[in-house]
Amino acid sequence: MAEIIYNHFYPKEKFDYEALSLVSSMVQKQFGKESLFEFLQDFFKEIKPSSGITKLSKFKWSNIYTTNLDRAIEIAYKKNTDKAQKIKTIVGPKDLQTENKNIEVNLFKLHGCIGRPDIDLVFSLNEYAEFKNPHLKLFTQLSTDLMERPMIFIGYSLIDSNFQQVWAEIKKYCGTTTQPNRYFFIAPNIKSSLRHFLESEGFICFDYKIDEFADHISNLSSGKRTTLRDYLIEHLPDSDLFDKAKINEEVAYSLSQNYQFPKAEIGKHSQLNKNFYKGAQPNWSDIKHDLDAPRDLLEDVLVNFESWYKNPKFNLWLITGRAGDGKSTFIRRLALEISERVGDSVLFAKSRSNLSSKEILSLYEKLNTPLILFIDNTTDRVTKINQLISDFRNAKAKILIIGASRNSDWHAHHNDFYAKPVEFSLGKLSDNEIGLILSKLEINDALFKLKRYNEERRFELFKEKANSELIVAMREATMALNFEEIIANEYTGIKDEVAKNVYRHICFIHQFRYKIPQSLLLRVLEVDLNSLSENVYKYTKDIIYYEDDESETDILLKSRHPVIAEIVSRIYFKDDVEKVDFLTKIFSEYIPSNPLEASLIKKLYHHNTIELIFDNVEIAKSCYDILIQEVPDDYYVLQQKALFLVNKTDDYDDAKEVIKDALRLNPASNVLHHTHGMILMKQSLNEKDLDKSKFYLEEGKRILIRGARKNYNNVYNYHTLISYLISWYKKDTNQDDELIVEIQNLIDEASLKNPNDTLILTEHGKVYQLLKDPEQSKSYFEKAVRINSRNMAARYLLARIFMKSGHFEEAFKVCDDGVKLKRDEISLNRLRFELMHKLDRFSFDELKNEYVTYLSNYPKDSFIKLCYSAFLYINKSKECDKLFGDLRYSDYMSFTDKLKVIYDVNKTINQEDFRETGMVARTTATGYYLKSTRFNSRTMVFMHKNIVGEVNVSDRVHYKLLFNYSGGFAVDGEIDY
């Protein structure tokens, strides 16, 4: 090759056997890299693969590595109809590897490729010296394979500088391995000195040319090989769906790799899994063996489904609940129930599913029947689900997506979806559900310590725990221990320190429902594969779980349940420095071309994840800075840092600089421009200087309008923009009508494409509120609720209009219907309580029961708890003392917040002018603590000295009563003589 290049560029000079690296250095310096690249492309364009290379494509390989620049291997795979796998070429460090090695093999071109002019070729001395750094990640993958897999070297001279460097490092890790027959060297006429060296390094040598070697292994494997097509057909699920659809094997196989079919899954042979009752993530075996107890919500969802199926059109439903409430189990049971009704047209997305709309729509068009698609952990897949929503809507496909999400995740992301879902909530266990769960536990011999009691006592003990999440309630009731104590005992019971450390790091990742690839964890913690098998898995059976599908890409590690992982992390992974170090090591070790590792990285640097990991904002910012140094060209890390700064610090200037850095890396990104516009709009709302505020508004508006019009089908872009403009209009009391007209025009623009979008209808109603036209507002809110009964924002605003006009019963019905659909909707519940206090038909006991029921489900709603405490106090119930005590010592609020007067309390309980007389119990430097003369309560009322001046202990004071989280607060007082 050196002679060919030399003769082409220096035709008048004699080639004197200069090295290839020297020749390429000379050419590039004199003629430029582009000229050398063009010559090589032209030289190799007619290359034909040897018969040996073609024959090798008939075998299934884990990975292929080459330092050759030509495309002979790719051509061999493309032309061979009898191949065992397709081929995926990896040249740059960011090229994504295959996600399924059974049907596709990675070809790593370590020195570049003539088909990829964007990646530098490796020829010159300089390049050989510097090549390792930018391509480090490709060599990391090679290092992993050399340590973990048998490797065949064909025609490799072992003098390549990159390989020698890697091999020197590999020897350190492989020198003590006990695995025989790891490395094989294939070359003709191997010299005895080279053979001796290779054998001393653990190689087995074969004197073959590549064609001879291909023939040799062909003979050895005769009758044992399968073609790609044979493999695809053999691994399709047992379902009539594909026969009916008549789709080709490749699409059918891809669907089967991305989705499960409930009836086919239930038909598989499986063992009974008793770990289900210890909190293990559910699988189809658990549903098959009927381990789950029926939930009350199931019938409601099925009734709604029957209605949908009679008149199907695209829709999105969401099952919500707390972590550990049984959502994943519920949607598997629901998927099976629906399959029994409609057949095989039900698909359940695997955790690694690509959620490709193309495949789903292809199946839908061939079947010409409605499809039901289940997607667990929906809010983890917002981007992909939004693409499904957009594509399904455009195709007018009759497809129902049914997802599941934690309440906390849904509240954080509900505005991120292109469609407003119909929501069904899994709430507190009912008496009926508790009874059914106990029955299942008894049948499967899983009552444990409850076994000693009779049925009535079992029910009482379980019900005491029923306010907690299902997984917590079941473990605490059956083990008679606090859940955290159970998990801590399990952790401390692991008998190997390495195993403990591995489990601890797995939990750190899995607390967010993420799983870590085994090979990445081994690199990060510097644990070898043998140690993992011999020490870690030995002591963590039924503690560490792995998810390994048929793709053979990697093993994903996780704990038994994210709730368990969260507890382990909170107790045993507290140190912020250790957290930063672990994240940094993951970023430095991950391989961008590995799709599993790249996916985990994106999840870890998301601003919501960083917010959950670090309580200290400054440490979180420092962590982002360190991660950005590890991946300096990843603009999404910068975007996530900008979002973190806006959400947690209100540092808008810094956030804008960070997002501008991201835009410099990718100026065409609509997502980054949208983030930039959103930051400016938020800054305009929080800026006190009106001129500056207007400037930020105009800048943000310009960016968001451009994005909305560029992505016309994404109505949420319009919704975001309109919502900010309405908020800004409310901020400036001296607004003219120009902004209102602009908002109206944007609404009309969005409505042209989406006339019945309930988000836009809600914004339309808000505009008429600004124009002080309640009737028009009401009509838009009513239409929004009529189209989507779970549009809680429209419900709330509609109820407020009814209440303001004195139609309390109508307002209450709107709220009551809403909380039946979504029990944890805070604003609607608070308004509902306010209306109950206004309606005479609710007695003291009825109101009390409503408060008790709500707070048993949502004990952290401090405002409603304060309202209940105030309600009891005013009604002379001593039960208020304990509630005020709980609030006073609550961890949810700062000391300062507890002292703030909450004026809305009196308004909510309809006691805005309540007055009473109290006796001075004690004095302080700033005021007095008063004890009510109406009843004997431990709850005191505080009054500042400036209200009545100097008084003495036992003096009586008459005052208007307000409330804070520490008790009563007196205003407008006078001494009662």
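Buried means under 20% relative accessible area, exposed means over 50%, and partly exposed is anything in between (1.4 Å probe, protein chains only). This is a predicted model, where local features need pLDDT of at least 70 and side-chain atom pairs count only at pLDDT 80 or more, while totals for chains, interfaces and linings use all residues. Residues are numbered from 1 along each chain as its sequence is written, and side-chain values use heavy atoms, with hydrogens and water left out.

**View 1. Glu-497 and Lys-500 pair up within helix H25.** Their side chains meet in a salt bridge at 3.7 Å, N to O (a salt bridge is a side-chain nitrogen of Lys or Arg within 4 Å of a carboxyl oxygen of Asp or Glu). Both residues sit in H25 (residues 497–510), three residues apart, or about one turn of the helix. Helices here are DSSP runs of H or I with at least four residues, strands are runs of E with at least two, and both are numbered from the N terminus. Is Lys-500 buried or exposed? Lys-500 is buried, with a relative accessible area of 13%, whereas Glu-497 is exposed at 58%.

**View 2. Glu-589 and Arg-523 link distant parts of the chain.** This salt bridge spans 3.9 Å, N to O. Glu-589 belongs to helix H29 (residues 576–589) and Arg-523 to helix H26 (residues 518–525), 66 residues apart. Arg-523 counts as buried at 13% relative accessibility, and Glu-589 is partly exposed at 22%. Side chains of opposite charge can pair when their charged atoms come close.

**View 3. Glu-250 in helix H13 meets Lys-86 in strand S2.** Look for a salt bridge of 2.9 Å, N to O, between their side chains. Lys-86 lies in S2 (residues 86–90), so the pair ties together parts that are 164 residues apart in sequence. Glu-250 is partly exposed, at 40%, and Lys-86 is partly exposed too, at 26%.

**View 4. Helix H13 is mostly covered.** Seven of the ten residues in H13 (249–258) are buried, including Ala-252, Tyr-253 and Leu-255. What do the buried residues of H13 pack against? Among their partners are helix H11 (228–234), helix H12 (241–245) and helix H18 (357–367), with a contact meaning heavy atoms within 4.5 Å.

View 5. Asn-189 is exposed at 71%, and Lys-396 counts as exposed at 70%.

**View 6. Ser-877 is a buried loop residue.** Check the loop between helix H45 (862–874) and helix H46 (880–888) to spot Ser-877. Its relative accessibility is 11%, so Ser-877 counts as buried. Not counting residues up to four places away in sequence, Ser-877 touches Leu-872 and Phe-935.
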